[in-house]
Amino acid sequence: MTGPQQLRGARFAGIGYYVPDVVLTNADFEKTLDTTDEWIVSRTGIRERRIARPDQATSDLAIEATNRALADAGLTPKDIDIILVATATPDMPFPSTACLIQHRIGATQAAAFDITAACSGFIYGVTIAQSLIVSGKARRILVLGVETLSRIMDYEDRATCVLFGDGAGAVVMEACEPGDGVLGSYLRSDGSFAELLYLPGGGSRRPLTEERLRNREQYVKMKGDGLFKYAVKAMVGAAMEVLREAGLTTADIDFVVPHQANIRIIDGVLSRLHVPPEKSIINIDRIGNTSSASIPIALGEAKEKGLIKRGDRILMVAFGGGLTWGALLLKY
Ligand SMILES: CC(C)(COP(=O)(O)OP(=O)(O)OC[C@H]1O[C@@H](n2cnc3c(N)ncnc32)[C@H](O)[C@@H]1OP(=O)(O)O)[C@@H](O)C(=O)NCCC(=O)NCCS
């Protein structure tokens, strides 16, 4: 995507993340559902997840992550040209969550919009932001992956509610020298599998009625085994493709940030890519699957722990509802 012929690149100037304080453990689920800590840990790797307080909406989590990313970049909201929010759980259908954030942080120079690509949303968002920066349309873009999935979970459905958590991750992207920043990205989708992971009620197809609420159509439906089958193959394929386009192999990669959906999916991806565990990060045990927020949160944690440094080549890879999947290669 980017190449030496380009006049400029797009780098990550700042990273920030936020997870709510409220912890929901597997032991909590044992009290209300026919499940066990042993089942959840062995099948998913998840021990606990974070849940937004009732007064916290998606934009509230996003602003916490934004403030940290701006501080990390040494910038203020007025430096931002565009706010791009990847989310499947906006504050409301419209206006966009990005517009609500724009107003509340006082980003008076910024355009603002949301995108939906489920768990791949951050990879999609960064790719769009990179294109806008490389084309000269914008100089600095705030990209967020943020979710309050707890609001669309059916806490009577043990097959879904144990998997997901809430959180926000943000990066400030800015123009840089070509050859630095985003080195490439690969995005794909297959809508024929839309019903493997979806929220049936509340849109224009099935507006919510009392009957649909009774049928719990306001909550996420998932066919976990169907998703599992595609996830590893799609993520490995995307990673290989982005590396091939950049003329690199996994041996050239310093660190891998995989989407955190299931420890078995992550292990499968890393082993097929021949990436040792010490060159990657796992936080699914503590925060579950936070969908579009998963990669920027893990990236933020990796930075905090000193696992990544400026100049490292970082591979990010995601898979999610849609289906959507993709990979991103960054020189940090
Ligand atoms: C959901 C998932 C963890 C299930 O794991 P699995 O190995 O496929 O599960 P198994 O096939 O061994 O077991 C399924 C059984 O466990 C049961 N089960 C589901 N959730 C359970 C829970 N929390 N506790 C106990 N049992 C549970 C199911 O009801 C099913 O029972 P049945 O066989 O009597 O119908 C796994 O398929 C998965 O992670 N899929 C991907 C999901 C995902 O990543 N989604 C987001 C994409 S970004």
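The structure is a predicted model, in which local features need pLDDT of at least 70 and side-chain atom pairs count only at pLDDT 80 or more, while totals for chains, interfaces and linings use all residues. Residues are numbered from 1 along each chain as its sequence is written.

## Domains and their contact

The protein chain is divided into domain 1 (9-178) and domain 2 (183-331); these bounds come from an automatic or database domain assignment. The contact between them takes 43 residues from domain 1 and 41 residues from domain 2, where two residues are in contact if their C-beta atoms, placed from the backbone, lie within 7 Å. The C-alpha centres of the two domains are 14 Å apart.

On the side of domain 1 that touches domain 2, two or more residues come from each of strand E1 (9-18), strand E3 (48-51), helix H5 (121-134), strand E6 (140-148), H6 and strand E7 (166-176). Helices (H or I, at least four residues) and strands (E, at least two) are DSSP runs, numbered from the N terminus. By class, this side of domain 1 holds 24 nonpolar, twelve polar and seven charged residues. In this classification Ala, Val, Leu, Ile, Met, Phe, Trp, Tyr, Cys and Pro count as nonpolar, Asp, Glu, Lys and Arg as charged, and the others, Gly among them, as polar.

## Ligand shell

The shell around the ligand consists of 20 residues, of which Thr 35, Arg 158, Gly 224, Ala 261 and Asn 262 come nearest. A residue is near a molecule if its C-beta atom, placed from the backbone, lies within 6 Å of it. Eleven residues of this shell are nonpolar, six are polar and three are charged. Both domain 1 and domain 2 contribute, with at least three residues each. At least two shell residues are supplied by each of helix H2 (37-44), helix H6 (158-161), helix H8 (224-246) and strand E12 (313-320).

Ten of the eleven residues of E7 are buried, that is, 20 or more other C-beta atoms lie within 10 Å of their own; a residue is exposed if 12 or fewer do, and partly exposed in between, with C-beta atoms placed from the backbone.

Met 173 is in contact with Ala 10, Arg 11, Phe 12, Ala 13, Val 126, Ala 129, Gln 130, Ile 133, Arg 140, Ile 141 and Val 143, leaving aside its neighbours within four places in sequence. Together with Ile 83, Met 316 and Ala 327, Met 173 has the most contacts inside the largest nonpolar core, which has 108 residues. A nonpolar core is a set of buried Ala, Val, Leu, Ile, Met, Phe, Trp, Tyr and Cys residues joined through C-beta atoms within 7 Å. Helix H8 gives the most to this core, with nine residues, and domain 1 and domain 2 each provide at least three. In soluble globular proteins, nonpolar side chains tend to be buried together.

## Local backbone features

Two peptide bonds in the model are cis, as tabulated here.

| Cis peptide bond | Omega | Location of the second residue |
|---|---|---|
| Phe 94 to Pro 95 | near 0° | loop between strand E4 (82-86) and helix H4 (97-105) |
| Gly 322 to Leu 323 | near -15° | loop between E12 and strand E13 (324-331) |

Ala 118 is not a glycine, yet has a positive phi of about 50°. Ala 118 lies in the loop between strand E5 (111-115) and H5, and counts as buried because it has 23 C-beta neighbours inside 10 Å. Ser 291 likewise has a positive phi, near 50°. Ser 291 is placed in the loop between helix H10 (284-287) and helix H11 (294-304), and its 32 C-beta neighbours inside 10 Å are why Ser 291 counts as buried.

Arg 206 belongs to the loop between strand E9 (197-198) and helix H7 (210-214). Arg 206 counts as partly exposed because it has 14 C-beta neighbours inside 10 Å. Leaving aside its neighbours within four places in sequence, Arg 206 is in contact with Pro 200, Gly 201, Arg 212 and Glu 217. Gln 218 is twelve residues from Arg 206 along the chain, and their C-alpha atoms are separated by 9.9 Å.
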